[in-house]
Amino acid sequence: MPRFDVLSLFDGYFAPLRSQGICRRAFDSGALQLQIWNPRDYATDAHRSVDDRPYGGGPGMVMLAEPLERALDAAQQARKGCGLDPAPVVLFSPAGAPLRQADVLRWAASDGAVLICGRYEGVDQRFVERCVDVEISLGDYVLSGGEIAALALLDAVARLLPGVLHSTESAQQDSFSDGLLDCPHYTRPPRDAHGGEVPAVLLGGDHARIARWRRDRMLRLTLQRRPDLIAALRAARRLSARDEAALSATD
Ligand code: 9D3
């Protein structure tokens with residue numbers, strides 16, 4: 001049952017997580033705990049400053065180490081009060097390692113973390129060196145801050161927690177398909193108003209044939225759109241001779 005403490009100047013981002021969809025279930029059942037800490041509440045000057053101009057010049061502002069450090073201490077103290085050990089400290093940053101499902105699985109099985117959402121151009125490096133254990137990015141595009149990345153991590157973790165999805169089934173499915181893009185899905189009617197048809201194999205009851213069809217579609221779609229994922233599976237010797245045959249089929 002992980003607990004996450006989030007340091008953010010914009011706590012409004014996190015309210016919908018508690019009130020909607022799958023994530024709400026995770027909170028309602030107690031499977032996921034979340035507390036938001038605003039570094040502004042830990043600023044010490046009259047203006048409650050949380051940022052200042054960068055030494056050396058340049059655009060934008062840099063988050064002050066001091067309010068972050070005090071907010072982090074408060075979060076770790078609160079965790080200690082709940083009988084938890086000090087948590088790993090995550091900083092969301094465009095310079096971090098991209099978040100992967102394997103990481104999400106580990107966070108879901110952990111006691112959680114303190115998640116720090118940067119804003120402005122970045123965070124004073126002295127804070128990063130003293131306090132941060134791991135830097136995580138959401139991908140190679142520019143966001144306005146770390147909040148969306150923190151939400152992505154929390155959402156990805158929440159759906160894996162016991163009692164949230166039909167957890168065993170869907171989460172296991174994730175790891176079956178492990179490393180491949182998903183196959184197409186269909187539901188009723190079998191022929192829609194635009195003449196769109198469901199592939200015949202899915203309408204028959206031959207489950208072995210259906211499983212093969214799905215695997216083949218996953219393999220071919222992944223080769224088309226994410227050849228990097230196919231390369232990774234090959235390098236890990238995770239593709240069978242049958243998989244390779246499906247990948248070289250031209251029909
Ligand atoms: C050229 C300087 N910019 C780096 C790309 C400065 C900069 C822009 C935007 C520094 C920080 C930000 C705010 N972004 C995040 O805090 C962030 C982020 C992102 O922008 N992309 C992907 N993942 C993440 S996680 C946190």
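**View 1. The lining of the second largest pocket, sorted by residue class.** In this predicted model, the lining of the second largest pocket is made up of twelve nonpolar, nine polar and three charged residues, where Ala, Val, Leu, Ile, Met, Phe, Trp, Tyr, Cys and Pro count as nonpolar, Asp, Glu, Lys and Arg as charged, and the others, Gly among them, as polar. A pocket is an open set of points on a 1 Å grid over the protein atoms alone, where a 1.4 Å probe fits and protein lies on both sides within 12 Å along at least five of seven lines, and lining residues have an atom within 4 Å of a point. The lining has 24 residues, and Phe92, Ser93, Pro94, Tyr120 and Glu121 lie nearest the centre of the pocket. Residues are numbered from 1 along each chain as its sequence is written. Local features need pLDDT of at least 70, side-chain atom pairs count only at pLDDT 80 or more, totals for chains, interfaces and linings use all residues, and side-chain values use heavy atoms, with hydrogens and water left out.

View 2. At least two lining residues come from each of β5, β7 (122-123), α5 (125-131) and β8, with helices (H or I, at least four residues) and strands (E, at least two) taken as DSSP runs numbered from the N terminus. The largest share, four residues, is that of β5.

View 3. The ligand takes up the space of the second largest pocket, a molecule being placed in a pocket if more than half of its atoms lie within 2 Å of the grid points. Around the ligand are 17 residues, the closest being Glu121, Leu138, Gly139, Tyr141 and Leu143; a residue is near a molecule if one of its heavy atoms lies within 4 Å of it. Within this shell, β5 (89-98) and β8 (134-137) are the elements that give two or more residues, and β5 gives the most, with three.

View 4. A ligand nitrogen lies 2.9 Å from a polar backbone atom of Leu138, and a nitrogen atom of the ligand is 3.4 Å from an N or O atom in the side chain of Ser137. An oxygen atom of the ligand is 3.4 Å from a polar backbone atom of Gly146.

View 5. Tyr120, in the loop between β6 (112-117) and β7, has a positive phi near 60°.

How values were computed
Polar contact = N/O pair within 3.5 Å; in protein donor to acceptor, adjacent residues only side chain to side chain.
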